[in-house]
Amino acid sequence: MWQMAAKVRGVPFPRNFLQICKKILCRLFRVFVHVYIHHFDRVIVMGAEAHVNTCYKHFYYFVTEMNLIDRKELEPLKEMTSRMCH
């Protein structure tokens with residue numbers, strides 16, 4: 001996996017680089033889902049609500065603009081996302 005991150009001049013990225021990135025981003029989305037569903041009360045207590053929301057918005061806009069996550073995968077936070085990002 002670390003070989004994927006090291007870009008050496010003249011050595012191309014692996015053929016499956018995009019697939020690996022998509023998988024990582026999909027898993028990161030699942031972390032957002034977990035935080036919002038199971039830990040958001042603690043995020044509020046810490047006063048980090050705006051920070052987490054901003055991170056999520058940037059993440060959402062990036063993955064949707066670049067087509068890196070299937071819309072179907074984004075369903076768990078669809079309602080919240082529609083209020084926050086549209």
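Phenylalanine 32 and tyrosine 56 are both buried (under 20% relative accessible area, with exposed meaning over 50% and partly exposed in between; 1.4 Å probe, protein chains only). This is a predicted model, in which local features need pLDDT of at least 70 and side-chain atom pairs count only at pLDDT 80 or more, while totals for chains, interfaces and linings use all residues. Residues are numbered from 1 along each chain as its sequence is written, and side-chain values use heavy atoms, with hydrogens and water left out.

**View A. Phenylalanine 32 and its ring partners.** Rings of Phe, Tyr and Trp (its six-membered ring) pair here if their centres lie within 6.5 Å, with planes under 30 degrees apart counted as stacked, over 60 as edge-to-face and the rest as tilted. By this rule the model has 9 aromatic pairs. With phenylalanine 59, phenylalanine 32 forms a tilted pair, at 5.2 Å centre to centre and 45 degrees between the planes. This pair too links distant parts of the chain, helix 2 and helix 3, 27 residues apart.

**View B. The largest nonpolar core.** Such a core is a set of buried Ala, Val, Leu, Ile, Met, Phe, Trp, Tyr and Cys residues joined through side-chain atoms within 4.5 Å. Of its 20 residues, Phe29, Tyr36, Tyr56, Phe59, Ile69 and Leu77 touch the most other members. Helix 2, helix 3 and helix 4 (78–85) each supply at least two residues, and the largest share, 7 residues, comes from helix 2.

**View C. Helix 3 against helix 4.** The two helices pack at an angle of about 95 degrees, with axes 11 Å apart; axes are lines fitted to C-alpha atoms, for helices over the stretch in contact, and angles run from 0 to 180 degrees between N-to-C directions. That makes helix 3 roughly perpendicular to helix 4 (65 to 115 degrees; under 35 is roughly parallel, over 145 roughly antiparallel and the rest oblique). Helix 3 brings Asn53, Tyr56, Lys57, Tyr60 and Tyr61 to the contact, and helix 4 brings Met80, Thr81, Met84 and Cys85 (contact means heavy atoms within 4.5 Å).

Conventions. Helices (H or I, at least four residues) and strands (E, at least two) are DSSP runs, numbered from the N terminus.
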